[in-house]
Amino acid sequence: MTEEDTMCSPNDKDLSLSPNLEIRIDDGSPNACEFENACAQLFEIDGSEQENGRDETTVVDSQSGESQGKDCPPPIVGMEFDTYDDAYNYYNTYSKEIGFAIRVKSSWTKRNSKEKRGAVLCCNCEGFKTTKEANSHRKETRTGCLAMIRLRLVESNRWRVDEVKLEHNHSFDPERAQNSKSHKRMDSKAKRKVEPTLDVEVRTIKLYRMPVIDASGYGSSNSTEGGTSNNINCFRRLKLKKGDPELISNYFCHIQLMNPNFFYVMDLNDDGQLRNVFWIDSRARAAYSYFGDVIAFDSACLSNNYEIPLVAFVGVNHHGKSVLLGCGLLADETFETYIWLFRAWLTCMTGRPPQTIITNQCKAMQSAIAEVFPRAHHRICLSQVMQSILGCFVQFQEYEAFQMALTKVIYDTKTVDEFERAWDELTQHFGIRNHEKLQTLHEEREHWAPVYSKDTFFAGISDYEKGESVVPFFKGHVHQQTSLKEFFEIYELVQQKKHNTEVLDDFESRDLSHLLKTRCYYELQLSKLYTNAVFRKFQDEVVMMSSCFSITQTQTNETVVTYVVKEREGEEPVRDVRHFEVMYDKAGAEVRCICSCFNFKGYLCRHALYILNYNGVEEIPCQYILSRWRKDFKRLYVPHLTADNVDITNPVQCYDHLYKRSMQVVEEGMRSQDHYMVSWQVFKESLNKIRLVADKIQ
């Protein structure tokens with residue numbers, strides 16, 4: 001980036017996305033203008049107010065500068081769909097919005113079967129007329145256009161986009177496209193199913209206006225019943241003590257002096273009263289690019305009536321520990337508030353939503369997530385569901401028996417049919433089939449029951465396996481009586497403690513060797529690759545392979561073989577035996593167990609390892625070794641630079657200080673080729689000097 005690129009006029013500094021979404025960037029921040037330029041590229045703001053009081057904002061493609069449509073993002077390689085029809089409907093909808101029509105250029109099926117395995121969808125201007133067609137009187141419409149997508153049915157029985165060409169060699173004719181066969185066939189049901197499931201860039205961002213509040217800050221200006229309106233709207237502002245607004249402002253300014261990339265957004269009403277606040281530092285924004293696949297949204301402080309209405313976006317790092325990805329203070333738990341917060345957070349993350357988001361149970365939050373993250377897998381925290389159910393029956397005479405039976409139904413059932421049968425038997429046995437709370441939860445079971453989430457990746461952040469969950473980021477540091485002042489005093493300390501722990505974990509994972517417990521090569525293989533914390537969990541699976549004692553082949557379909565693995569769980573040789581179905585594809589060395597450990601935790605289970613070993617697979621296939629768990633996982637955080645007061649006897653401080661300084665050189669070195677050459681020369685000279693010192697010591 002050149003110096004000209006970072007220059008802004010003073011008027012650019014007050015960037016407002018809506019009357020109630022105010023972006024504030026410290027004047028002294030060297031990155032302020034850079035962020036504003038990014039926002040200018042990300043948004044093309046329509047000044048007119050839309051229906052329902054909404055501001056509609058269309059994202060502009062940074063390469064072409066052309067709008068990419070109202071609702072449907074352009075195709076990219078890696079998109080996945082549940083069915084071929086979903087993929088076709090998606091491309092058909094996209095083409096309709098752009099202004100061209102599509103057709104099926106080719107498709108292929110499985111040998112000796114009618115099952116479709118792949119297809120090419122192209123622009124209907126593809127190719128040219130044949131000699132016979134050229135003699136007809138019909139108007140020439142084909143131009144040899146190359147725009148297309150190639151679809152393939154992959155091992156997970158999903159349709160993936162393997163190749164994309166977006167460029168057209170003709171002008172668009174929306175009217176003609178509207179009357180094409182492909183668009184006429186599109187019905188309203190198909191239109192609702194065109195969203196791809198891949199974590200792709202969000203192309204449309206809606207910023208919602210909050211209800212207008214009068215000068216008093218309480219009632220609506222058009223209300224005729226002031227008392228009622230006051231009671232309703234008094235909750236539409238942040239509950240703060242005297243001096244708290246100044247405390248927030250001063251604290252954010254203080255942080256920006258040390259961390260120029262620190263960013264915050266404030267939601268104000270017309271009277272200037274604070275409703276909601278969101279903030280995020282540079283390290284969190286950088287961490288999201290590595291650990292943003294699965295997010296837990298922690299709103300425990302809201303639901304448990306803490307003094308500070310704190311919410312936090314939390315991810316899990318390569319050591320399986322929580323990492324903070326943004327914080328907020330909310331006035332209430334309404335749909336509008338969550339919409340504002342999620343939009344603000346998504347904007348800071350350059351419009352890329354998570355693959356999976358885990359939250360507490362809240363209807364307003366659920367609706368907001370469906371609006372802001374339509375392609376993300378939304379799951380409700382299972383431990384909260386369990387507590388909610390058990391709380392209804394704490395006075396139940398058969399409480400202990402019910403608790404054991406409920407745990408067995410939720411955690412031990414392996415298929416949807418098995419879960420439904422077990423749930424019916426449970427409610428019938430205890431006479432609670434008509435219990436209103438249970439009926440409501442059963443209606444939402446796809447959001448919390450493990451059997452409905454076996455195709456969802458959780459990176460170990462869920463509690464869908466017994467005893468598995470990530471501790472909330474501020475647990476043990478924030479209590480019900482913690483004041484805002486006390487929170488800001490410990491906020492940086494908690495952050496630094498977490499950062500130091502990660503550095504120490506990196507050291508230990510890199511330098512400490514593992515004590516192997518078996519002679520299985522799988523254990524040795526991953527001991528060289530995975531961080532200590534994740535390897536120890538995987539090691540337990542390798543050790544537990546010894547509990548698997550029988551394999552039965554039940555079905556064969558060309559290269560795909562289905563096995564049933566028996567596992568002994570207790571001392572009883574017969575009664576405590578469980579059966580696990582495992583599918584293995586010899587052609588691609590792909591394996592999938594019904595327990596879905598790989599999706600839940602990110603590494604293979606003992607049953608899958610047992611089948612790989614049975615089939616003579618000497619090493620775990622590379623697709624089951626996730627880079628996010630590796631000890632050499634490369635992260636480029638750009639943390640703020642503090643003073644040079646370093647305790648050289650403390651390896652954590654030394655590493656952290658050297659790392660920050662080296663990253664400063666890296667960032668400067670990427671500005672141009674000349675900067676790169678100078679930086680590279682400095683690194684070589686520094687390394688030679690360090691080696692000379694090491695030689696003298698020896």
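These are my notebook entries on what I looked up in this structure, a predicted model.

**Ground rules**

I worked with a predicted model, where local features need pLDDT of at least 70 and side-chain atom pairs count only at pLDDT 80 or more, while totals for chains, interfaces and linings use all residues. Residues are numbered from 1 along each chain as its sequence is written, and side-chain values use heavy atoms, with hydrogens and water left out.

**Entry 1: the whole chain**

I began with the secondary structure and found 23 helices and 21 strands. Helices (H or I, at least four residues) and strands (E, at least two) are DSSP runs, numbered from the N terminus. Next I looked up burial: 47% of the 698 residues in the chain are buried. Buried means under 20% relative accessible area, exposed over 50%, and partly exposed in between, with a 1.4 Å probe and protein chains only. Then I turned to contacts, meaning heavy atoms within 4.5 Å. Of the contacts with a separation of 6 or more, 62% are between residues 24 or more positions apart.

**Entry 2: H378**

I found H378 in strand β17, which covers residues 377-380. Is H378 buried or exposed? H378 has a relative accessible area of 6%, so I noted it as buried. Beyond residues up to four places away in sequence, H378 touches I357, T359, Q366, I369 and H447. With T359, the side chain of H378 makes a polar contact of 2.7 Å. That term means a pair of N or O atoms within 3.5 Å; within protein, one must be able to donate a hydrogen and the other to accept it, and residues adjacent in sequence count only if both atoms are side-chain atoms. I also checked Q366, which is 12 residues from H378 in sequence and 7.9 Å from it in space, C-alpha to C-alpha.

I followed helix α17 through residues 484-511, 28 residues in all. From first C-alpha to last, α17 reaches 41 Å, close to the 40 Å expected at 1.5 Å a residue; the expected span is 1.5 Å times one less than the number of residues. Where does α17 bend? I found a bend of about 30 degrees at I490, taken as the angle between axes fitted to the seven residues ending there and the seven starting there.

S483 lies in the loop between α16 (436-443) and α17. S483 counts as buried, at 16% relative accessibility. Leaving aside neighbours within four places in sequence, S483 is in contact with E307 and I308.

**Entry 3: salt bridges**

How many salt bridges does a search of the whole structure find? I noted 22, each a side-chain nitrogen of Lys or Arg within 4 Å of a carboxyl oxygen of Asp or Glu.

One of them joins the side chains of D412 and K408 at 4.0 Å, N to O. D412 and K408 are four residues apart in helix α14 (residues 399-412), so about one helical turn separates them. An α-helix has 3.6 residues a turn, so residues three or four places apart point the same way. K408 is exposed, with a relative accessible area of 55%.

I then looked at R606 and E567, whose closest N and O atoms are 2.5 Å apart in their salt bridge. This pair links distant parts of the chain, with R606 in helix α21 (residues 606-614) and E567 in strand β19 (residues 560-568), 39 residues apart. R606 is buried at 17% relative accessible area, and E567 is buried at 1%.

**Entry 4: aromatic rings**

I counted 46 aromatic pairs in the structure. Rings of Phe, Tyr and Trp (its six-membered ring) pair if their centres lie within 6.5 Å; planes under 30 degrees apart count as stacked, over 60 as edge-to-face and the rest as tilted. F297 and F313 form a tilted pair, 5.0 Å centre to centre and with 50 degrees between the planes. F297 sits in strand β13 (residues 294-298) and F313 in strand β14 (residues 310-316), 16 residues apart. F297 is buried at 2% relative accessible area, and F313 counts as buried at 0%.

**Entry 5: two positive phi angles**

I ended with N305, which has a positive phi of about 55 degrees although it is not a glycine. N305 is in the loop between α10 (300-303) and β14, and counts as exposed at 67% relative accessibility. S596 also has a positive phi of about 55 degrees without being a glycine. S596 lies in the loop between β21 (590-593) and α20 (597-601), and counts as buried at 5% relative accessibility.
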